[in-house]
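Hello,

Here is the structure I promised to pass on. Have a look at it, and my notes follow below.

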Amino acid sequence: MPSPNLTTFRAQFPALANKTYFNYGGQGPLSDRAFEAIVSTERHIQIDGPFNGKINAALSATCNTTRSAIADLLGVPDTTISLTEDVTVGCNIALWGLAWQAGDQIVMTDCEHPGVIAAVAEIARRFDLTVTIAPILDILNDGDPVAAIVDRLTSRTRLVIVSHLLWNTGYVLPLDEINRACHRFPTETGQTIRVLVDAAQSVGTLPLDLDAIEVDFYAFTGHKWLCGAAGVGGLYVSEAARAHLAPTFIGWRSIKMDALGNPTDWQPNGQRYEVATSAYPLYAGLREAIAVHDEWGTASERYAAICDRALRLWSGLQDLDGVECWSISPPRSGLVSFTHISGQHQTLVSHLETQGFMLRTILDPDCIRACVHYFTTDEEIDRLLTAIANFS
Ligand SMILES: Cc1ncc(COP(=O)(O)O)c(C=O)c1O
(Lines give C-alpha, C1' and ligand atoms only; values in the text may rest on other atoms or scores of the structure.)
Protein backbone atom coordinates (compact mmCIF):
# COMPACT_ATOMS: atom_id res chain seq x y z
CA MET A 1 0.00 0.00 0.00
CA PRO A 2 1.27 3.50 -0.70
CA SER A 3 2.23 5.55 2.31
CA PRO A 4 -0.25 8.30 3.29
CA ASN A 5 2.35 10.81 2.18
CA LEU A 6 2.52 9.31 -1.27
CA THR A 7 -1.26 9.28 -1.50
CA THR A 8 -1.41 12.95 -0.52
CA PHE A 9 1.40 13.77 -2.91
CA ARG A 10 -0.27 11.99 -5.81
CA ALA A 11 -3.59 13.71 -5.09
CA GLN A 12 -2.00 16.91 -6.41
CA PHE A 13 -2.09 15.45 -9.93
CA PRO A 14 -5.66 15.27 -11.30
CA ALA A 15 -4.50 13.10 -14.21
CA LEU A 16 -3.52 10.31 -11.82
CA ALA A 17 -6.97 10.02 -10.27
CA ASN A 18 -8.78 8.25 -13.08
CA LYS A 19 -6.17 6.13 -14.81
CA THR A 20 -3.01 4.10 -14.28
CA TYR A 21 -0.32 6.13 -15.90
CA PHE A 22 2.86 4.75 -17.49
CA ASN A 23 3.52 7.40 -20.14
CA TYR A 24 5.78 9.83 -18.27
CA GLY A 25 8.30 9.67 -21.13
CA GLY A 26 5.58 11.00 -23.44
CA GLN A 27 4.14 13.65 -21.15
CA GLY A 28 4.08 14.10 -17.40
CA PRO A 29 0.90 15.04 -15.51
CA LEU A 30 0.42 18.64 -14.38
CA SER A 31 -0.03 19.21 -10.65
CA ASP A 32 -2.78 21.48 -9.36
CA ARG A 33 -0.07 23.82 -8.11
CA ALA A 34 1.59 24.10 -11.51
CA PHE A 35 -1.80 24.62 -13.11
CA GLU A 36 -2.67 27.34 -10.58
CA ALA A 37 0.68 29.07 -11.18
CA ILE A 38 -0.16 29.23 -14.89
CA VAL A 39 -3.66 30.56 -14.28
CA SER A 40 -2.62 33.11 -11.67
CA THR A 41 0.21 34.40 -13.86
CA GLU A 42 -2.21 34.88 -16.76
CA ARG A 43 -4.66 36.59 -14.42
CA HIS A 44 -1.89 38.90 -13.22
CA ILE A 45 -1.00 39.71 -16.84
CA GLN A 46 -4.62 40.55 -17.62
CA ILE A 47 -5.26 42.60 -14.50
CA ASP A 48 -2.00 44.56 -14.40
CA GLY A 49 -1.40 44.62 -18.18
CA PRO A 50 -1.55 42.91 -20.55
CA PHE A 51 1.15 45.23 -21.93
CA ASN A 52 2.85 47.98 -20.00
CA GLY A 53 6.12 48.71 -18.24
CA LYS A 54 5.12 47.06 -14.99
CA ILE A 55 3.92 43.79 -16.45
CA ASN A 56 6.78 43.62 -18.95
CA ALA A 57 9.24 43.91 -16.07
CA ALA A 58 7.37 41.19 -14.18
CA LEU A 59 7.50 38.88 -17.22
CA SER A 60 11.19 39.53 -17.69
CA ALA A 61 11.67 38.56 -14.02
CA THR A 62 9.63 35.40 -14.68
CA CYS A 63 12.01 34.48 -17.50
CA ASN A 64 14.98 35.03 -15.18
CA THR A 65 13.62 32.94 -12.32
CA THR A 66 12.64 30.16 -14.72
CA ARG A 67 16.12 30.03 -16.27
CA SER A 68 17.51 30.00 -12.77
CA ALA A 69 15.31 27.11 -11.57
CA ILE A 70 16.36 25.10 -14.64
CA ALA A 71 20.03 25.99 -14.19
CA ASP A 72 19.93 24.70 -10.59
CA LEU A 73 18.53 21.43 -11.82
CA LEU A 74 21.27 21.01 -14.41
CA GLY A 75 24.14 22.23 -12.21
CA VAL A 76 25.07 25.11 -14.51
CA PRO A 77 25.10 28.94 -14.43
CA ASP A 78 21.80 30.71 -15.31
CA THR A 79 23.57 32.47 -18.18
CA THR A 80 23.94 29.20 -20.11
CA ILE A 81 20.20 28.49 -20.31
CA SER A 82 17.91 29.45 -23.19
CA LEU A 83 14.17 29.03 -22.82
CA THR A 84 12.66 27.20 -25.78
CA GLU A 85 9.44 25.45 -26.61
CA ASP A 86 10.48 21.81 -26.54
CA VAL A 87 13.35 19.38 -27.06
CA THR A 88 13.27 19.52 -30.83
CA VAL A 89 13.54 23.31 -31.00
CA GLY A 90 16.62 23.11 -28.76
CA CYS A 91 18.19 20.47 -31.00
CA ASN A 92 17.44 22.60 -34.06
CA ILE A 93 19.11 25.66 -32.49
CA ALA A 94 22.30 23.67 -32.02
CA LEU A 95 22.09 21.96 -35.39
CA TRP A 96 21.49 25.01 -37.56
CA GLY A 97 23.80 27.38 -35.69
CA LEU A 98 27.14 25.69 -36.40
CA ALA A 99 29.25 27.01 -39.27
CA TRP A 100 28.98 23.94 -41.48
CA GLN A 101 31.45 23.35 -44.33
CA ALA A 102 30.76 20.94 -47.18
CA GLY A 103 32.25 17.57 -46.31
CA ASP A 104 31.83 17.94 -42.55
CA GLN A 105 30.58 14.83 -40.77
CA ILE A 106 27.84 14.30 -38.22
CA VAL A 107 27.91 11.07 -36.20
CA MET A 108 24.65 10.07 -34.55
CA THR A 109 23.40 6.93 -32.86
CA ASP A 110 20.71 4.67 -34.27
CA CYS A 111 18.51 5.45 -31.25
CA GLU A 112 17.69 9.10 -31.96
CA HIS A 113 14.21 10.57 -32.25
CA PRO A 114 12.56 10.94 -35.69
CA GLY A 115 12.32 14.75 -35.45
CA VAL A 116 16.07 15.04 -34.86
CA ILE A 117 16.85 12.52 -37.60
CA ALA A 118 14.75 14.57 -40.03
CA ALA A 119 16.48 17.84 -39.10
CA VAL A 120 19.89 16.24 -39.56
CA ALA A 121 18.91 14.87 -42.97
CA GLU A 122 17.86 18.32 -44.15
CA ILE A 123 21.03 19.98 -42.83
CA ALA A 124 23.14 17.31 -44.52
CA ARG A 125 21.30 17.93 -47.80
CA ARG A 126 21.65 21.72 -47.65
CA PHE A 127 25.29 21.87 -46.56
CA ASP A 128 26.56 18.71 -48.25
CA LEU A 129 27.51 16.93 -45.05
CA THR A 130 28.02 13.25 -44.40
CA VAL A 131 25.98 11.54 -41.71
CA THR A 132 27.33 8.40 -40.10
CA ILE A 133 25.18 6.24 -37.89
CA ALA A 134 26.78 4.65 -34.82
CA PRO A 135 24.79 1.46 -34.26
CA ILE A 136 24.34 1.06 -30.52
CA LEU A 137 20.88 -0.48 -30.20
CA ASP A 138 22.00 -4.06 -30.70
CA ILE A 139 25.03 -3.85 -28.42
CA LEU A 140 23.51 -2.13 -25.41
CA ASN A 141 23.28 -5.30 -23.37
CA ASP A 142 26.78 -6.55 -23.98
CA GLY A 143 28.81 -4.06 -26.02
CA ASP A 144 30.53 -0.73 -25.73
CA PRO A 145 28.42 2.17 -27.06
CA VAL A 146 31.27 4.62 -26.50
CA ALA A 147 33.53 2.63 -28.81
CA ALA A 148 30.70 2.38 -31.37
CA ILE A 149 30.64 6.18 -31.47
CA VAL A 150 34.35 6.93 -31.16
CA ASP A 151 35.27 4.37 -33.83
CA ARG A 152 33.25 6.41 -36.33
CA LEU A 153 34.88 9.78 -35.65
CA THR A 154 37.07 11.14 -38.39
CA SER A 155 39.17 14.25 -38.87
CA ARG A 156 36.07 15.85 -40.49
CA THR A 157 33.63 15.14 -37.65
CA ARG A 158 32.04 18.37 -36.37
CA LEU A 159 29.14 17.08 -34.31
CA VAL A 160 28.10 13.94 -32.46
CA ILE A 161 24.44 13.49 -31.54
CA VAL A 162 23.40 11.21 -28.70
CA SER A 163 20.50 10.88 -26.29
CA HIS A 164 21.57 10.84 -22.65
CA LEU A 165 18.79 8.40 -21.83
CA LEU A 166 17.48 6.38 -24.75
CA TRP A 167 13.78 6.90 -25.34
CA ASN A 168 13.26 3.45 -26.86
CA THR A 169 14.99 1.19 -24.34
CA GLY A 170 15.66 3.30 -21.26
CA TYR A 171 19.45 2.91 -21.39
CA VAL A 172 21.60 5.64 -19.89
CA LEU A 173 24.63 6.38 -22.05
CA PRO A 174 27.95 7.26 -20.34
CA LEU A 175 27.79 10.87 -21.46
CA ASP A 176 30.92 11.96 -19.63
CA GLU A 177 33.03 9.39 -21.50
CA ILE A 178 31.43 10.28 -24.84
CA ASN A 179 32.01 14.01 -24.31
CA ARG A 180 35.60 13.57 -23.25
CA ALA A 181 36.44 11.23 -26.13
CA CYS A 182 34.90 13.61 -28.68
CA HIS A 183 36.53 16.70 -27.21
CA ARG A 184 39.99 15.13 -27.31
CA PHE A 185 39.70 13.66 -30.81
CA PRO A 186 42.11 15.38 -33.27
CA THR A 187 40.38 17.04 -36.26
CA GLU A 188 41.65 18.43 -39.56
CA THR A 189 40.86 22.04 -38.67
CA GLY A 190 41.71 21.79 -34.99
CA GLN A 191 38.07 22.49 -34.17
CA THR A 192 36.64 20.64 -31.19
CA ILE A 193 34.06 17.97 -31.99
CA ARG A 194 30.90 19.14 -30.22
CA VAL A 195 28.27 16.84 -28.75
CA LEU A 196 24.57 17.60 -29.01
CA VAL A 197 22.61 15.75 -26.37
CA ASP A 198 18.92 14.99 -26.73
CA ALA A 199 17.91 15.20 -23.07
CA ALA A 200 14.18 14.57 -23.54
CA GLN A 201 14.19 11.63 -21.14
CA SER A 202 17.05 12.53 -18.82
CA VAL A 203 15.91 15.91 -17.45
CA GLY A 204 13.61 15.20 -14.53
CA THR A 205 15.00 11.65 -14.26
CA LEU A 206 18.76 11.79 -13.65
CA PRO A 207 20.59 13.92 -11.11
CA LEU A 208 22.63 16.23 -13.33
CA ASP A 209 25.86 18.18 -13.12
CA LEU A 210 26.48 19.20 -16.72
CA ASP A 211 29.51 21.34 -16.01
CA ALA A 212 31.30 18.35 -14.51
CA ILE A 213 30.80 16.16 -17.58
CA GLU A 214 31.85 18.64 -20.29
CA VAL A 215 28.45 18.97 -21.97
CA ASP A 216 28.27 21.26 -25.04
CA PHE A 217 24.57 21.32 -26.02
CA TYR A 218 21.79 19.78 -23.92
CA ALA A 219 18.22 20.10 -25.25
CA PHE A 220 15.29 19.24 -23.01
CA THR A 221 11.66 19.90 -22.25
CA GLY A 222 9.58 20.67 -19.18
CA HIS A 223 6.55 18.62 -20.18
CA LYS A 224 7.84 15.09 -19.70
CA TRP A 225 9.53 13.97 -16.47
CA LEU A 226 9.41 17.46 -14.95
CA CYS A 227 5.60 17.48 -15.22
CA GLY A 228 5.37 21.04 -16.52
CA ALA A 229 2.91 22.13 -19.19
CA ALA A 230 3.56 21.33 -22.84
CA GLY A 231 5.16 24.30 -24.58
CA VAL A 232 8.21 25.11 -22.45
CA GLY A 233 11.60 23.52 -22.82
CA GLY A 234 15.17 24.68 -22.72
CA LEU A 235 18.63 24.44 -24.15
CA TYR A 236 21.93 24.49 -22.29
CA VAL A 237 24.90 25.73 -24.31
CA SER A 238 28.26 25.77 -22.56
CA GLU A 239 30.17 29.04 -22.68
CA ALA A 240 32.86 27.42 -24.82
CA ALA A 241 30.31 26.05 -27.29
CA ARG A 242 28.37 29.35 -27.41
CA ALA A 243 31.34 31.02 -29.09
CA HIS A 244 30.80 28.67 -32.06
CA LEU A 245 27.00 28.68 -32.20
CA ALA A 246 25.31 31.52 -34.07
CA PRO A 247 21.64 32.25 -33.41
CA THR A 248 19.42 31.08 -36.29
CA PHE A 249 15.96 32.29 -35.28
CA ILE A 250 16.41 35.87 -34.16
CA GLY A 251 14.19 38.43 -32.44
CA TRP A 252 14.08 41.12 -29.77
CA ARG A 253 14.93 38.68 -27.02
CA SER A 254 18.15 37.64 -28.80
CA ILE A 255 19.69 41.08 -29.04
CA LYS A 256 20.96 44.17 -27.25
CA MET A 257 19.72 47.51 -28.56
CA ASP A 258 20.91 51.09 -28.49
CA ALA A 259 18.83 54.03 -27.26
CA LEU A 260 16.97 54.13 -30.59
CA GLY A 261 16.11 50.46 -30.54
CA ASN A 262 18.69 49.46 -33.15
CA PRO A 263 20.20 46.01 -32.64
CA THR A 264 23.82 46.38 -31.48
CA ASP A 265 24.87 42.90 -30.43
CA TRP A 266 23.71 39.49 -29.32
CA GLN A 267 22.68 39.05 -25.74
CA PRO A 268 25.87 37.97 -23.99
CA ASN A 269 24.28 34.79 -22.63
CA GLY A 270 21.85 32.01 -23.54
CA GLN A 271 19.15 34.59 -24.22
CA ARG A 272 20.68 35.09 -27.68
CA TYR A 273 18.92 31.87 -28.75
CA GLU A 274 15.53 33.03 -27.45
CA VAL A 275 13.38 34.82 -29.99
CA ALA A 276 10.30 36.85 -29.05
CA THR A 277 6.93 36.71 -27.31
CA SER A 278 6.18 33.40 -25.59
CA ALA A 279 3.47 31.83 -23.43
CA TYR A 280 5.01 33.25 -20.22
CA PRO A 281 2.44 31.79 -17.81
CA LEU A 282 3.73 28.35 -18.76
CA TYR A 283 7.15 29.36 -17.42
CA ALA A 284 5.60 29.94 -14.02
CA GLY A 285 3.97 26.52 -14.30
CA LEU A 286 7.32 24.85 -14.95
CA ARG A 287 8.91 26.61 -11.97
CA GLU A 288 6.13 25.39 -9.74
CA ALA A 289 6.40 21.87 -11.16
CA ILE A 290 10.11 21.83 -10.28
CA ALA A 291 9.29 23.11 -6.77
CA VAL A 292 6.79 20.27 -6.27
CA HIS A 293 9.49 17.70 -7.12
CA ASP A 294 12.02 19.39 -4.85
CA GLU A 295 9.61 19.21 -1.94
CA TRP A 296 9.34 15.44 -2.37
CA GLY A 297 13.10 14.92 -2.30
CA THR A 298 16.42 15.75 -3.88
CA ALA A 299 17.19 14.84 -7.48
CA SER A 300 19.26 11.89 -6.24
CA GLU A 301 16.46 10.68 -3.97
CA ARG A 302 13.95 10.94 -6.78
CA TYR A 303 16.25 9.08 -9.17
CA ALA A 304 16.77 6.30 -6.59
CA ALA A 305 12.98 6.00 -6.24
CA ILE A 306 12.52 5.90 -10.03
CA CYS A 307 15.07 3.06 -10.29
CA ASP A 308 13.40 1.24 -7.40
CA ARG A 309 9.98 1.49 -9.10
CA ALA A 310 11.49 0.41 -12.43
CA LEU A 311 13.18 -2.57 -10.78
CA ARG A 312 9.84 -3.77 -9.43
CA LEU A 313 8.28 -3.51 -12.87
CA TRP A 314 11.25 -5.05 -14.70
CA SER A 315 11.48 -7.97 -12.25
CA GLY A 316 7.74 -8.59 -12.47
CA LEU A 317 7.85 -8.55 -16.27
CA GLN A 318 10.74 -11.02 -16.26
CA ASP A 319 8.55 -13.42 -14.30
CA LEU A 320 5.72 -13.31 -16.85
CA ASP A 321 5.50 -16.05 -19.46
CA GLY A 322 5.88 -14.72 -22.98
CA VAL A 323 7.27 -11.35 -21.91
CA GLU A 324 10.88 -10.29 -22.44
CA CYS A 325 12.46 -7.08 -21.24
CA TRP A 326 14.74 -5.34 -23.69
CA SER A 327 17.32 -4.76 -20.99
CA ILE A 328 18.91 -7.84 -19.46
CA SER A 329 20.18 -5.88 -16.48
CA PRO A 330 18.18 -3.96 -13.85
CA PRO A 331 16.96 -0.63 -15.22
CA ARG A 332 18.81 2.60 -14.52
CA SER A 333 15.89 4.77 -15.56
CA GLY A 334 12.10 4.85 -15.41
CA LEU A 335 11.64 3.56 -18.98
CA VAL A 336 11.12 -0.19 -19.20
CA SER A 337 10.72 -1.66 -22.68
CA PHE A 338 9.50 -5.18 -23.31
CA THR A 339 8.16 -7.49 -25.98
CA HIS A 340 5.20 -9.84 -25.81
CA ILE A 341 5.29 -13.29 -27.39
CA SER A 342 2.15 -12.47 -29.40
CA GLY A 343 4.03 -9.70 -31.23
CA GLN A 344 0.72 -7.81 -31.08
CA HIS A 345 2.14 -4.83 -29.28
CA GLN A 346 -0.30 -2.19 -30.45
CA THR A 347 -3.21 -4.52 -29.75
CA LEU A 348 -1.92 -5.11 -26.24
CA VAL A 349 -1.41 -1.38 -25.62
CA SER A 350 -4.92 -0.61 -26.91
CA HIS A 351 -6.35 -3.43 -24.80
CA LEU A 352 -4.60 -2.08 -21.70
CA GLU A 353 -5.87 1.40 -22.48
CA THR A 354 -9.47 0.15 -22.35
CA GLN A 355 -8.67 -0.96 -18.80
CA GLY A 356 -7.24 2.44 -17.84
CA PHE A 357 -3.52 1.62 -18.25
CA MET A 358 -1.62 4.16 -20.36
CA LEU A 359 1.48 2.80 -22.13
CA ARG A 360 2.83 3.16 -25.66
CA THR A 361 4.46 1.12 -28.37
CA ILE A 362 7.88 1.84 -29.83
CA LEU A 363 8.47 1.05 -33.51
CA ASP A 364 12.21 0.42 -33.40
CA PRO A 365 12.86 -1.84 -31.64
CA ASP A 366 9.33 -3.23 -31.90
CA CYS A 367 8.28 -3.20 -28.25
CA ILE A 368 6.07 -1.68 -25.58
CA ARG A 369 7.35 1.05 -23.26
CA ALA A 370 6.11 1.50 -19.71
CA CYS A 371 7.44 4.46 -17.72
CA VAL A 372 7.44 4.73 -13.94
CA HIS A 373 8.02 7.94 -12.01
CA TYR A 374 9.18 8.21 -8.40
CA PHE A 375 5.55 8.46 -7.33
CA THR A 376 4.34 5.36 -9.20
CA THR A 377 2.90 2.98 -6.61
CA ASP A 378 3.53 -0.74 -6.02
CA GLU A 379 -0.15 -1.28 -6.54
CA GLU A 380 -0.13 0.36 -9.98
CA ILE A 381 2.81 -1.77 -11.07
CA ASP A 382 1.29 -4.98 -9.74
CA ARG A 383 -2.04 -4.31 -11.41
CA LEU A 384 -0.28 -3.66 -14.72
CA LEU A 385 1.62 -6.94 -14.40
CA THR A 386 -1.62 -8.82 -13.78
CA ALA A 387 -3.30 -7.15 -16.76
CA ILE A 388 -0.39 -8.10 -19.04
CA ALA A 389 -0.36 -11.66 -17.68
CA ASN A 390 -4.09 -11.95 -18.48
CA PHE A 391 -3.66 -10.82 -22.10
CA SER A 392 -3.95 -13.62 -24.62
C1 LIG B 1 14.36 11.30 -27.19
C2 LIG B 1 13.31 12.26 -27.63
N3 LIG B 1 13.67 13.31 -28.38
C4 LIG B 1 12.78 14.23 -28.78
C5 LIG B 1 11.45 14.12 -28.45
C6 LIG B 1 10.51 15.18 -28.92
O7 LIG B 1 10.23 16.00 -27.84
P8 LIG B 1 9.56 17.43 -28.04
O9 LIG B 1 8.19 17.20 -28.53
O10 LIG B 1 9.62 18.06 -26.67
O11 LIG B 1 10.38 18.17 -29.02
C12 LIG B 1 11.02 13.05 -27.67
C13 LIG B 1 9.60 12.91 -27.32
O14 LIG B 1 9.11 11.88 -26.97
C15 LIG B 1 11.97 12.10 -27.24
O16 LIG B 1 11.63 11.04 -26.49
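**Helix 10 and its sheet**

Helix 10 (residues 299-318) lies across strand 11, strand 12 and strand 15, and runs at about 10° to strand 12. Helices (H or I, at least four residues) and strands (E, at least two) are DSSP runs, numbered from the N terminus. Axes are lines fitted to C-alpha atoms, for helices over the stretch in contact, with angles from 0 to 180 degrees between N-to-C directions; contact means that C-beta atoms, placed from the backbone, lie within 7 Å.

Please keep in mind that this is a predicted model: local features need pLDDT of at least 70, side-chain atom pairs count only at pLDDT 80 or more, and totals for chains, interfaces and linings use all residues. Residues are numbered from 1 along each chain as its sequence is written.

An open sheet of 4 strands has antiparallel pairing and the order 11-12-15-14; two strands pair if DSSP finds at least two bridges between them. Strand 11 (323-325) and strand 14 (360-362) are the edge strands, each pairing on one side only. On average, neighbouring strands of this sheet are turned by 40° against each other, direction ignored. Strand 12 (residues 335-340) and strand 15 (residues 367-371) run antiparallel and are joined by 4 bridges. Leu335 has Cys371 in strand 15 as its bridge partner.

As for the whole protein chain, there are 12 helices and 15 strands. Its C-alpha atoms fill a box of roughly 70 × 55 × 35 Å, taken along the principal axes.

Happy browsing!

Conventions. Contact = placed C-beta atoms within 7 Å.
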